[in-house]
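Here are my notes on the model, as numbered points. Have it open while you read.

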Amino acid sequence: MDLVLVQIFNGIQYGFLIFLAASGLTLVFGILGVINLAHGSFYMLGAYLALSLTEATGDVFLACLLGIPLAAVFGWAIERLFIRRLYGRDHLQQVLLTFALILIFNEVQRMLWGNYPHSVPAPTWLSGSIRLTDTLAYPIYRLALTVICAALAAAMFFVIRKTGVGRLIRAGESNREMTELLGFDANRLYGLVFAAGVALAALAGMLAAPVESVYPGIGERILIISFVVVVIGGIGSLEGAFLGALAIGVADALGKVFLPDFAGVLVYALMATVLVVRPAGLFGRTIR
Amino acid sequence: MTIALATPTTSSVPTGEALLAATGVATAHGRIPCLRDVAFAVRPGETVGLLGRNGMGKTTLLRTLTGLLSGGPTASIRFRGVDLAGRRPAAIARAGIALVPEGRGIFPNLTVHENLILAARAGPSGKREWTLPRVFDLFPRLAERRANWGDQLSGGEQQMLSIGRALMTNPELLMLDEATEGLAPKVRDEIWKTLRIVAATGMAIVVVDKNLEDLFELADRHVILAKGEVVFEGPTAALTADPALVHRWLGV
Amino acid sequence: MIRLPSLPVLALLGLLLIGFAALPAFAGPYEVKFATRVLATAVFVLGLDLLIGVTGLVSFGHAAWFGLGAYAVWFVTPPDWEAANLPLALLAAVALPGVVAAVVGLFAVRTRAFYFIMVTLAASQMIFAFFHDTRVAGGSDGASIDVKPALEIAGRTVLDLSNRNALLWLAVAALALAYVFVLTLARSRFGRVLQGLKANETRMNALGFDGAKYKWASFVIAAMVAGLGGAIYASIDGFVPPEILGWRESGLAIMMVVLGGVGSLWGAILGALVYALAEEILKSSDLVGAAISDHWPIAMGVLLIAAVLGAPKGLAGWLPERRARPWSPPADAETSTAAAAPSRPPRLEVDGLRRTFGGLTAVDGVAVAFEPARIHAVIGPNGAGKTTFTNLLSGALPVSGGTIRLDGVDVTALSAPAKARRGIGRSFQRTNVLPGFTVAENCELSAQARGFAGASRAEEARAVAHALAATGLVDRADRTAASLSHGEQRQLEIAMLIASGAKLLILDEPLAGSGPEETARLTALLKDLAVDHTILIIEHDMDAVFACADTVSVLVGGRLLAHGAPDEIRRDAAVREAYLGRFAGLEDAA
Amino acid sequence: MSSSRREFLMSSGALGLAGLLGGVAPFGRAAHAAGAIKVGLLLPASGTYAPLGEAIRRGAELYVKSKGGALAGRAIEFTALDDESAPPKAAELTNKLIFGEKVDVLMGTVHSGVAAAMVKIAREAGVTTLVPNAGADAITGGLCAPNVFRTSFANGQVGEATAKAMLAGGVKEAITCTWRYAAGEEMVAGFKRVFEAGGGKVVKDIALPFPDVEFQSALAEIAAAKPQAVYSFFAGGGAAKFIKDFAGAGLKDKVQLWGPGFLTDGVEQAVGAAGDGVKTVLHYADGLTNPEDAAFRKAFQAAYGVAPDVYAVQGWDAMHVLDVGLTAVGGDVAKKDALHAAMAGASFASPRGPFAFSANRNPKQTFYLRELKGGKNVLLGVAAEGLADVGKGCKA
């Protein structure tokens, strides 16, 4: 029984992390209408930024503070250079161009950081463990990570629901033409959203670095999982992504213990089931 | 039934005075031409009725004027002395043209309040005449419904919201596509009443609508489109005086 | 429409095949294995182009079928040192992906666009996870095929795949066969429907084709073709890693399809070859310098981005296309046109027809009879329910109440394809022809829908001839629909309806966007057709309506306001009120 | 050497691709120096096993360097490809080395799956092949061939040795925890064979997909089962993370952590204090007392600035075996039968202790029990002496 509880907790922690990555993907997809296969690369970028910036600053949280603007600027530039050419093009071309970006990003990562796996230290003031049962303790950084992700999720919902930028994002998601008719430059909005999506993915990578270790191809698993989450939740739906991410996290964690051979299959089976029952995902497709 | 084909009399709109002066507008959907060399002008403070049967190009003209469609290489769209042809819709909106589109374009996932404050901005000359209280004043119904989602509104409320939202951008020219379509008679009357109030503030208005009587009461001047061309242009009196003309271009 | 390859293309393909087959004569084992892998990949990519280029389904999980084909060889290969059976291996490699795809396809074809991409991705990742995480077939280490399949006839080994040259030749033969098969399939009546679905699924459903079934069938066939490629791949080194099932391989295959040119089929072969060669070149420091070869993925990525943005038609765009085979009327066309023509146009009668959407009543108790061999116009302001009305008649929407009778037979509950087979044909507001098909091919595809009603091939051919003649498009028969003028496209729409055997033509705004001359020509055409068809048009061009219609029905707010001869309608006060509001009274005042 | 390839490409050109490709020969490479023996290295330079690949390469290069850059008078030229520890690339890369680069000797690799694919092709090609790490039992079992030599270990062999040490150390019940792939399974199978025969009880087998490094679920399961010990096989980055997460989950003081030596080799520094007390068994250890090891360690430290590990020894010994063979045939690699026979008979003093081949061309060797303390694998004693693998000799 302890095991189930611990695994549910592990699942929630993993779920929060993939929510952070998937939220960027769902925003970009919901608003820009672009299938961004390179989203995982931005997670990878975050992980490696955490590696370099933690070495420079000594603390992964300082690294995050520096890394977020860097990632956002990078995302903004990528949108200008490539993604902008994909609006309104068919999915085939979107898949291809972003697939080509993966090839490039992976190689750039190799050039800059090499092939070895690295570990990023958790901040010393969070490096201990808390005892959960008489045999099992839980690393404090993982707890902190869960709290931070929950806080970020709350902040994201606040921004989307309560701020002017959030209103504009929701408006752009439901009716691009009308937002333009009200005087908002959709291209700028799209640039902003894409930069935000990249920053979110990178932030997830940065926060995960101390628990995951940093290695080439780290973004690809998270990419596929993020797509699963987006589809389960409904394209463009943050609530959906949130529930989807938690469901996937818990299913994966429990699956690893109770169906070890089929944990990998389970996640996709969950997605297939959701699609059969609710073809548009758990939450239709508008952000409220 | 005699049919008098009135040729566009651009002379009645001296371009020097015009708030909006569009010429050579030739919009096409793919290879299908929708507008053929259309000229259209609005004077400051004037209310213009844009008429024509379905599919004759009214919506296309409004969408071209707001930059959603390209008016073709020959188009010139001068607004307050600046050529807006080829500009993006956002730039045109900021220059002071607001459109209340067919279908109303309410953001279903924003509340009434959010729909309005999203649009709030000073006009092109820096004035902020239309504010949230004033819009709520104009449409008390919206104030009651301020916390409701956009898709929880009735058609009439949506149209009020769409007009109110357009006003929040403090435009110099307000254009309404199918201003009262699909609305109950009482609601229509309210919309017309509101438009007269807005017109009285000196705002220039272009209205597309099928209710000719109300439109004739509101508008100073009318333009009729048929098959993508301007077939009539003149004051309301010219139309009321010549029912045959109305039947030729608008009737059954 | 997918054409036979042009002569230069045929020559290129022939030379390629000969070159591949002759490779062992002048190249070493590495090149032979490299070439075999390219051939295996080409078969795989060919299968994917059948989906993407012909049926228009972008699958992001096609590698699963390639991988399953490869694993199938492992499944039927005995673990001991006995010889494996080649025919059995090939059969398994085609059957296993086919069976699994048949199940996945049931779900996948119900989705569209992005969701189709995601469902296929999820399916392939599931299969990948199964092979990677469980030890069923070697797990993450991959499956090792210790003894390669061989073909034994009467105790003699005829073909042993452990001989790499034999495998190369088998691969050449497999690719040639797969190409001929896929090309023939794509050009067959079946393939024509697939292409129709790619261009316009709604249109195909309205013509009476069940799109989901065709998509499912092409999904399964494409998987089987990919499985054949997988079998060859598995035989190269006798090693099948689970990663070949994964999304990266699927992505690479899409790259190759696009690089070669979507829908050209032979482009898929070229795409696979050029991609593999490009990778080899970029990896080779002798040729491109160490600066590039050390970081070849960047160069590859840049090349691909340039290809996507710069040459969306791919390599196939650089070689000439073969022109369509000219259409020729069937020999007995002259004598039998009359026979192919409709026996008698039908009478359509609706009573109490009603349709609600949630709380809104779009069509509200309409009762009207449309007499045969007449032109009936339905008019009304925007939002009056005209399009809903036609959707109810054609079966695109189910009715909420009331009856529809065709020649006295109740057809209310029939689906759109079923109604189409009964002779109810409808066109759409936007032109809906298949742009890549010639005029004749458009009509042939429509005529094919008659097959459901038991028409023979000869009858179909006569129907095409009749439709072209009736709409005056005979001299345009070999032009692609895309190259027609707007008015001609409208004519073609009508021709397609006639070719499909429609007796009742429901035309939604056939004159929209037409200039005066085109309007005149189309109305004249409608009048001609009304001799042996019943025609229902929804139209805003009042001049044209009153010029050609025999009756006019006015819908307002979902109700039938008036129905009668044009002159009656013109004088009807209620109609005027509806169109001109209270201003209608002004005429009398004036 | 590449004239045939040029022809291949020329023919492609003739096939109409010339214009497309600029008539270039993509497969061409500069011919190697005349007289040199070409050794193809198929080793991971990226991924979780990259450090292992590097150590092997260093060990091999150091041996050749120590002999003046030549073995039996023939210069040695290395050509390396990164196998990324990715089985899908194994076949292609092996083909490239054997048939593309036309190497005389093939050496690789770390990952058992990659090695299995490599050995399959190498057997068919008959090329002299040295396996400096991958312990897949099949390489010197079902897949074994006269031209394939392993200078490391067989997976089952290490598992058996570890089980012996654990039984001797009083461990009665254990959970096994490893990656679900051939090496992991064989390490566990060998372990269980001996552990259960000796009266031990395996409570549970936990297997994670390779190369997953998210261990939380596994650790929660271990904590729930509270076994006396965990027998765990991971390596490289994964091993370091497992040891750290094991300590982070508070299991370090409650449950003994045992494993084959790969668990701690190469990650001694990375795990820090979290690794103190982890007991492992391996055919190499820090603090051996034989003179060969002392010399080897000194040279290695001097050349690369770091202490060598077991992987470096395996690379070193691989070249040593080749040296023995080449010396016997006077450097003529074409005399394959004689070369292979001489290599199979190699018996010498390795830094790890006495080295000789079993009938399957897998080393018969001593296994040591070590404990990680303060960043060093401290030698505790011998776990098994002269232990051979369970292979029964080649079929062919």
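1. The A–B contact takes 18 residues from chain A and 19 residues from chain B, where contact means C-beta atoms, placed from the backbone, within 7 Å. On the chain A side, helix 6 (164–174) and helix 7 (176–181) each supply at least two residues. Helix 6 of chain A gives the most, with five residues. By class, the chain A side splits into eight nonpolar, four polar and six charged residues; Ala, Val, Leu, Ile, Met, Phe, Trp, Tyr, Cys and Pro count as nonpolar, Asp, Glu, Lys and Arg as charged, and the others, Gly among them, as polar.

2. Housekeeping: this is a predicted model, with local features needing pLDDT of at least 70 and side-chain atom pairs counting only at pLDDT 80 or more, while totals for chains, interfaces and linings use all residues. Residues are numbered from 1 along each chain as its sequence is written, and chains are lettered from A and ligands numbered from 1 in the order in which they are written. Helices are DSSP runs (H or I, at least four residues), numbered from the N terminus.

3. Now for A against C. The axes of helix 9 (residues 218–233) of chain A and helix 5 (residues 113–133) of chain C come within 11 Å and cross at roughly 130°; axes are lines fitted to C-alpha atoms over the stretch in contact, with angles from 0 to 180 degrees between N-to-C directions.

4. Which residues have the most contacts inside the largest nonpolar core? They are A:Val228, C:Val43 and C:Leu46, in a core of 532 residues. Such a core is a set of buried Ala, Val, Leu, Ile, Met, Phe, Trp, Tyr and Cys residues joined through C-beta atoms within 7 Å, buried meaning 20 or more other C-beta atoms within 10 Å.

Technical notes:
Contact = placed C-beta atoms within 7 Å. Buried ≥ 20, exposed ≤ 12 C-beta atoms within 10 Å, placed from the backbone.
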